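Hi everyone, thanks for making time for this.

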Amino acid sequence: MRFLPRLRFLLPVFALFCVSFGSLAQTGAPASAPQLTAGQRVDQAHAALDQIDKALTNRTLSDAELADFRGRIDPIETDANEVVAQLTPILAGIKARLDQLGPKPADNAPAESAQVTAERAEQQKRLSDVDETLKRARLIAVQADQTADHIASRRRELFTRALFQRTTSLFDPALWGDVASDLKRDARAVQGLAGDFWSNAASRLTGWWRVAFAATVLALIAIYVAATRISRRVVAHEPSIADATRFRKVRAALWVGTIVAIVPLASVTLFFSLFNGFDLLGLRFEPLVHATIIGVVRIALAAGLARALLQPSRPHWRLLDVSDSVAEKISRLAITVACIVSATRVLEALSAVIGATLPVSVFTRGFGALCVAFSMAIALYGIINEPDDADECLGPAVVTRRDWYAPLRVGAWSAILVIIAAVAVGYIALAAFVVDQIVWIACVGSVLYLVLVLIEEVIAASFKPAAPLGRSLMASVGVKREALEQIGILLSGVLHVALFCIAALLILAPWGVQSDDLASSIRAAFFGITVGGVTISLSSVIFALILFALVYGATRGLQYWLDTRYLPHTNLDTGLRNSIKTSLGYVGFIIAVALALGYLGLSFEKLAIVAGALSVGIGFGLQSIVNNFVSGLILLWERAIRVGDWVVVGDDQGFVRRITVRSTEIETFDRALMIVPNSNLVTGVVKNWVRTDRVGRIKISLSVQSGADPEKVRELLIGAAKVQDLILSIPAPQVLLTSLEAAAYKYDLLAYVDDVETSQRVKSELLFEIHRRFKAANLSLGAPAVPTVVELADIDRLENLFSGTQPEAPRRAGGKS
């Protein structure tokens, strides 16, 4: 409590500070610009677009100037689209009000009030003004899009013209003669440039400044050497890990690549900062310094990526599945190509600084491109002649996965041939461009591969039930264990697609595919393309899906609340509860679809044509589906069949488990699930054992020998039924004598149970009890056995045969035997 007096003392000071700061903010804040009307915004955009169109009539504009004009178009098009989006609902509202007012009455019709006439005139004037502004805004949007296409075509034309500009062939002897004659002059120019640098350095580094500069240079060299040694120790992996996981490999690769690349980058930055600090480099050296810095960056990135991906000295940490010699050759090739390209760019900058002639510049670029081609050819030839481990395998080779290196080799050889052909024909700019693209594509592809592998491993390690993220998702969100892996795979796929798109944009950027054009196309697809008066856009579709998901999710939540909280506390049976829940789901689904379509601008009036076209298909192909859907609604509301009922359909019977839109699921007594179309249940014959109540009747038919007393039989049967606890006393069991025959009397025992589902079990127990009682009373069930009578023909002959006498032969007519 000791700090309260101090706090009371500080409160006025704090209030005074707040008031002073607020007054300063109010006085120092610039006045907000006046809000422009829609018409003024359209006029402003029209004027800016006309200015750009007039400037584009100049056919000598450079690529930088065209890019500047292209950058001005996007705000104009955006402003026009905003005006269209602002005025479209206003115009629809005015039209709706005019529809309510109706048309102007005819001359012979009763006159309307003056207020209605004035209101119609005012709304009609507003309609004309808004419609005119809206049409102008749409025209400006279309004109801006056309102007952007025109600028893009102009820039592609400039790019193609510069790329295919033909000069002297590198193998032309005249070019070599011109270069030899110009080398002396260029050498003197280089000596003059070096003399200017040393004279400037001598004039500025005097006295203690020279000592300070030399000491700083020595310190930077010492720092570079120490950093290099430290980086070698840092990037050294644990020798105890012989079989590292892929996740550890990619982490080590990123760490190694960063350390290997950052040391030379930091060193060159410090060196040139030192030179700039002592003011030793003037404006004349700026292109040369810029080319040198870019060259060092290129070489450092090439070395870092090659070391990260290939790990020439540590094969067990290598991400790519290549041999040690191949890894070493590709790593050397990457650094060699980066050095050649950087040296070529530095010589080109030096030629520009000293004002070298055109043959020298052409020779420098062509010779550098040719060196790159020969270096790649030598490396690829050595890789091709590498012995294959598969040759040592006895038996046929087993291909475990697709060989992705073959297309890369074909592409590399194609690039080599293009470079050599372009240099030989005289398209030096094309050869230099191909070399730059080889370096750029290799850099983008290497970084893309590292990032993809890192994403795969991170997601695979994170979306596991034992991982912290997996446990959090299962505990907080309720994600199931088997769904974690699916979520991880889907997320990995989405990130893969996004990264591939980014890489494609980066690779296509130097080919004349401008980012502004791509952004404009993406923006047009995302924010709307108007077709037939309906604006179709990716953003509206996404938001409509979100709206549908929210409304349908709220419906499912309400269903869950009714099913688990409210309906169990009512007197409604299970079937009625299911009907209410299912019907609510249908209503919520229809409302969600209607709201989503309304957000997209697809009202029911606009869907009438589509519905008319679909009616033909519904009449033929979708007739059964619609029939089953309507039948399902009938089942839910008529409730002739409910969830949980015991029904008999044809030769099968079971319990109704679910009534869906198309069919009803019935679980048979054999634990099989029978899918019955709803139309069959509505139009066919169905026996429902529990439609009105669950009381069931048991009927046992017996045959007792005719010698038994019927009264005693009835007493035994009634007694057997009464001892069963599940048999109802009201209505009481009864015995019916159904037939009196000579051999046996037939009886029917009728009894009732409270739940029909127990009838089979009670019937079985009742039969056991009847058998026990009849056995104790010495009564036999069924008619007595009838003796079997066998009649034999010619029994007299059989008797004579056994007695040994011969029967008399029959006499013939006439007394002759």
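**A strand covered on both sides**

Let's begin with strand β5, where both faces are covered: Ser663, Glu665 and Glu667 on one side are buried, and so are Thr664, Ile666 and Thr668 on the other. Before I go on, please keep in mind that this is a predicted model.

If you wonder how the residues sort themselves into two sides, here is the general idea: side chains in a regular strand alternate between the two faces of the sheet. Now count along β5, residues 663-668: six of the six residues are buried, so the strand is largely enclosed by the rest of the structure.

Which strands pair with β5? One is β4, residues 652-659, which runs antiparallel to β5 and is joined to it by five bridges. As an example to find on your screen, Val656 has Ile666 as its bridge partner in β5. The hairpin that joins β4 to β5 passes through three residues.

The other is β6, residues 673-677, and this pairing with β5 is also antiparallel, over five bridges. Here you can look for Ser663, which stands opposite Pro677 in β6. The hairpin of β5 and β6 has four residues between the strands, and in it Arg671 takes a positive phi near 65°.

**Rings that pair up**

Next, the aromatic side chains. How many aromatic pairs does a search of the whole structure find? The count is 11. One of them is formed by Phe548 and Tyr552, and this pair is stacked, with 5.9 Å centre to centre and 0° between the planes. Both residues belong to helix α16, residues 538-566, and they sit four residues apart, about one turn of the helix.

Trp646 has 6% relative accessibility, so Trp646 counts as buried. Trp689 has 36%, so Trp689 counts as partly exposed.

What is Gln559 in contact with, leaving aside its neighbours within four places in sequence? The list is Lys581, Thr582, Leu584 and Gly585.

Val626, Phe629, Val630, Ile634, Val661 and Val682 make a nonpolar surface patch of about 390 Å². Which helix gives the largest share? That is α19, residues 623-638, with four residues of the patch. Val682 comes from another element, helix α20, residues 678-683. Val682 counts as partly exposed because its relative accessibility is 33%.

That's my tour, and I'm happy to take questions.

Definitions and conventions
Residues numbered from 1 in each chain as written. Predicted model: local features only at pLDDT ≥ 70, side-chain atom pairs only at ≥ 80, totals over all residues. Heavy atoms only, no water. Patch = residues over 30% accessible without salt bridge, like charges linked within 9 Å, V, L, I, M, F, W, Y side chains within 5 Å. Areas by Shrake-Rupley, 256 points an atom, 1.4 Å probe, with all protein chains shown as cover. Salt bridge = Lys/Arg side-chain N within 4 Å of Asp/Glu carboxyl O. Helix = DSSP H or I, 4+ residues; strand = E, 2+ residues; numbered from the N terminus. Buried < 20%, exposed > 50% of the residue type's maximum accessible area, 1.4 Å probe, protein only. Phe/Tyr/Trp six-rings, centres within 6.5 Å; stacked < 30°, edge-to-face > 60°. Contact = heavy atoms within 4.5 Å. Pairing = 2+ DSSP bridges.
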